[in-house]
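User: I am new to reading structures. Please walk me through this one, and tell me what each term rests on.

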Amino acid sequence: MFLETALKSRTLEVCINSCSENFAEIYDKILDDHRRFAPSDKEYKKAFKRRLDLRNEIFSTISRCYQSDLKMVQHYHHKNEPVPIWAIFEIISLGQFGVFLQTMNNPSRLKLSEDIGLLDTSIDSDGHLLHELVFFMKGLRNAVAHNSVVFDCRFMKDNPPARIKRFMHKETSLANVTFEYIDDYLALITVLLMKLGVAKTERKKLIRQFGEIVDALHSQIPISMFNRILGTSTRNKLQTIFNL
């Protein structure tokens, strides 16, 4: 959830600095990825529909928030002013934010990826890694937000994109990141925290706390059950990411 806030903040900086805080202007000048394709291309139609659906969902979310008396939204409507992009980011879901990133045009996507430290032409020359990461982390984020079970990765609905696996291998040198076990998500979170400039002491504290939970579990259940839950390489993975 910290990552969600941090990524939205970085995205706001790119949008406001290069365009405006007005959603209508951002929609016209930044959320136009469909222009990469010719109108006759089937990808054009898909990208354009994605853009239209995003706008409709954002307006629908604003409407619901107004009806539920959310002061932040009502304030702007009562002043006859558009709800600014930073306020919109406060109320949209992580999935909608992922679509926002996906709909950004190539220059804006690349700028954002570069600012975060994700731009790597050998893995992601078009800036699509970030929205893939957001979509992939959505299940974990929602499970955490709703205090659901996470230890057995039951929140994972889709297989991780190959690009995310390549990214993790390059950043950590871990060869067996499959995201079948929760420690792989810890590794991903650690890498993203590192990219966002979170201090090494804070990252190590997180890994150390996770390691204490792992040790407690190891002492309380049979080793065969422990291995089914966490696999057989947890300690090696923790040591690797601890040293990042």
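Analyst: Start with a definition: helices (H or I, at least four residues) and strands (E, at least two) are DSSP runs, numbered from the N terminus. By that count, the chain has 13 helices and 0 strands. This is a predicted model, where local features need pLDDT of at least 70, side-chain atom pairs count only at pLDDT 80 or more, and totals for chains, interfaces and linings use all residues. Residues are numbered from 1 along each chain as its sequence is written, and side-chain values use heavy atoms, with hydrogens and water left out.

User: What makes a residue of the chain count as buried?

Analyst: Buried means under 20% relative accessible area; exposed means over 50%, and partly exposed lies in between (1.4 Å probe, protein chains only). Of the 244 residues of the chain, 45% count as buried.

User: Which residues of α8 are buried?

Analyst: Helix α8 covers residues 129-145. Its buried residues include Leu 129, Leu 130, His 131, Phe 136, Met 137 and Leu 140. Those fall under the 20% cut-off, so they are called buried.

User: What do the buried residues of α8 pack against?

Analyst: They pack against α1 (2-18), α6 (94-103), α7 (106-116), α9 (162-172) and α10 (182-195). A contact means heavy atoms within 4.5 Å. Across the chain, residues 24 or more positions apart account for 63% of the contacts with a separation of 6 or more.

User: How do you know what span to expect of α8?

Analyst: The expected span of a helix is 1.5 Å times one less than its number of residues. α8 has 17 residues, and 24 Å is expected. The helix reaches 24 Å from its first C-alpha to its last, close to that value.

User: Where does α8 bend?

Analyst: At Lys 138, by about 40 degrees. The bend at a residue is the angle between axes fitted to the seven residues ending there and the seven starting there. After α8 comes Asn 147, whose phi is positive, near 55 degrees.

User: Why is one space called a pocket and another a cavity?

Analyst: The test is whether a probe can get out. On a 1 Å grid over the protein atoms alone, a cavity is a set of points where a 1.4 Å probe fits but cannot get out. A pocket is an open set with protein on both sides within 12 Å along at least five of seven lines. Lining residues have an atom within 4 Å of a point. Grid points are joined across faces, edges and corners, and a volume is the space filled by probe spheres set on the points.

User: What lines the largest pocket?

Analyst: The largest pocket has a volume of about 800 Å³. Its lining has 29 residues; Leu 140, Val 144, Leu 186, Ile 189 and Leu 206 lie nearest its centre. The largest share, 9 residues, comes from α11.

User: What makes a lining residue nonpolar, polar or charged?

Analyst: Ala, Val, Leu, Ile, Met, Phe, Trp, Tyr, Cys and Pro count as nonpolar; Asp, Glu, Lys and Arg as charged; the others, Gly among them, as polar. On that basis, the largest pocket's lining has 23 nonpolar, 1 polar and 5 charged residues.

User: Which element gives the most to the lining of the second largest pocket?

Analyst: α8 does, with 6 residues. This pocket holds about 240 Å³ of space.

User: How many cavities of 30 Å³ or more does the structure hold?

Analyst: It holds 1. Its lining is Leu 101, Arg 109, Leu 112, Ser 113, Gly 127, Leu 130 and His 131. α7 gives the largest share, 3 residues.
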